[in-house]
Amino acid sequence: VKKSGRGGYALFTREMEMQSLERILMENELRKAIELEQFHIHYQPKISFFREEINGMEALVRWQHPELGLISPERFIPLAEDNGFIIQLGEWVMRRSCAQNKKWQQQGLPFLRVSVNVSVKQLMEPDFVTKVETILMETGLESCWLEIEVTESTFVDVDDATSILEEIRSLGIRISIDDFGTGYSSFSYLKQLPVDTLKIDRSFIEDIDTNEESKAIVKAVLTIAETLGMDVIAEGVETREQLAVLHEDGCSQAQGFLFSKPLTEDEFEVYLRNSQRY
Ligand code: C2E
Ligand code: CA
Ligand code: CA
Ligand code: CA
């Protein structure tokens, strides 16, 4: 609020009212959305630099509401995390993307790993590991074709998270740390966490070709990862310039609009068929 006094205050509360109204509306709609088939998954290719070939994909949920339109996950995921709906939604996304991946494999398309975002709330559910096992069994997808992406900065208890991640990993599922570098404690937990891949946050990639600090951080992550035997992937690569710096620094994987935006199931299938020439 810029101006003090009644006018400013009224504006403030009206805005808050609208926000909570929108929230209530969205919460109600959110709960019905699975049944109404309003959620869709988009897939964004992960690219290996060597021959610029696809070597994986990230599943990203979309909410298409008949009146509210296309709602960004940035808006409804935090809401779903607050009200617990993320547990159902996260399970739906995992089942759906494992089934879709299996389907593509059966159609003779190149075998790829699908990465699914998992919220800490979902991860910490007592039956999370059992649910994942069930999904793999029901969809028939081999565990090596699934990866989960978790954001370390959201862990409440790192020891608890570690033991769950260890169970997940012992099933043969890969683990990736999302938004790496944004948490306060990123580096100190790396020794402890069972991790396959560090995913460098987009904020460092954004200005990697113009900002020395970002470049230095990315270099440090690459060095640490190499020492610890982890892979690194850069997220949000949009330009050739960014790619050139990453390449020079020895990063070997990336994801971003430069290669492809997230695609619908149908679009992704076309993309995969066209990439078979590699
Ligand atoms: P994230 O996991 O960090 O996903 C990357 C986000 O960056 C995606 O946004 C993606 O569309 C976007 N992106 C990819 N390449 C580029 C690029 O080159 N430039 C820019 N500017 N953006 C790029 P999206 O799909 O809107 O998802 C936002 C966030 O919502 C995700 O961030 C993730 O935290 C969350 N999310 C999405 N789907 C799920 C899900 O199924 N479960 C959970 N728990 N969270 C999800
Ligand atoms: Ca992610
Ligand atoms: Ca990310
Ligand atoms: Ca993010």
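## A buried glutamate at the calcium site

Glu-58 is buried, at 6% relative accessible area. This is a predicted model. Glu-58 coordinates the calcium ion (ligand 2) through OE. Along the chain the donors follow the spacing E-x58-N-x31-E-x28-D. The site links distant parts of the chain: Glu-58 sits in strand 2 (residues 53–65) and Glu-149 in strand 5 (residues 146–151), 91 residues apart. Glu-149 is buried too, with a relative accessible area of 1%.

## Neighbouring calcium ions

Asp-178 bridges the calcium ion (ligand 2) and the calcium ion (ligand 3). These two ions lie 4.1 Å apart. The calcium ion (ligand 4) lies 3.7 Å from the calcium ion (ligand 3), and Asp-179 coordinates both. For the calcium ion (ligand 4), the Asp-179 OD contacts are at 2.9 to 3.0 Å. Asp-179 belongs to strand 6 (residues 174–180).

## Strands 6, 7 and 8

Strand 6 runs parallel to strand 7, joined by three bridges. Ser-176 has Thr-197 of strand 7 as its bridge partner. Strand 7 also runs parallel to strand 8 (residues 231–234), here with four bridges. Leu-198 is partnered by Val-232 in strand 8.

In a regular strand, side chains alternate between the two faces of the sheet. In strand 7 (residues 197–200), Thr-197 and Lys-199 point one way. Leu-198 and Ile-200 point the other way, and all are buried.

## Salt bridges

The structure holds 18 salt bridges. One of them pairs Lys-199 with Glu-149, at 2.9 Å from N to O. It links strand 7 to strand 5, across 50 residues of sequence. Lys-199 is buried, with a relative accessible area of 0%. Shared partners join Lys-46, Glu-58, Glu-147, Glu-149, Arg-174, Lys-199 and Asp-231 into one salt-bridge network.

Asp-196 forms a salt bridge with Arg-169, the closest N and O atoms being 3.0 Å apart. Asp-196 lies in the loop between helix 7 (186–189) and strand 7, while Arg-169 lies in helix 6 (residues 158–170). Asp-196 is buried at 14%, whereas Arg-169 is partly exposed at 33%.

Lys-131 and Glu-91 meet in a salt bridge at 3.2 Å, N to O. Lys-131 is in helix 5 (residues 128–139) and Glu-91 in helix 3 (residues 86–106), so the pair ties together parts 40 residues apart in sequence. Lys-131 counts as partly exposed, at 24% relative accessibility.

How values were computed. Residues are numbered from 1 along each chain as its sequence is written. Chains are lettered from A and ligands numbered from 1 in the order in which they are written. This is a predicted model: local features need pLDDT of at least 70, side-chain atom pairs count only at pLDDT 80 or more; totals for chains, interfaces and linings use all residues. Side-chain values use heavy atoms; hydrogens and water are left out. Donors are N, O and S atoms within 2.8 Å of the metal (3.2 Å for Na, K and Ca); water is not among the atoms, so sites may look incomplete. Helices (H or I, at least four residues) and strands (E, at least two) are DSSP runs, numbered from the N terminus. Buried means under 20% relative accessible area, exposed over 50%, partly exposed in between (1.4 Å probe, protein chains only). Two strands pair if DSSP finds at least two bridges between them. A salt bridge is a side-chain nitrogen of Lys or Arg within 4 Å of a carboxyl oxygen of Asp or Glu.
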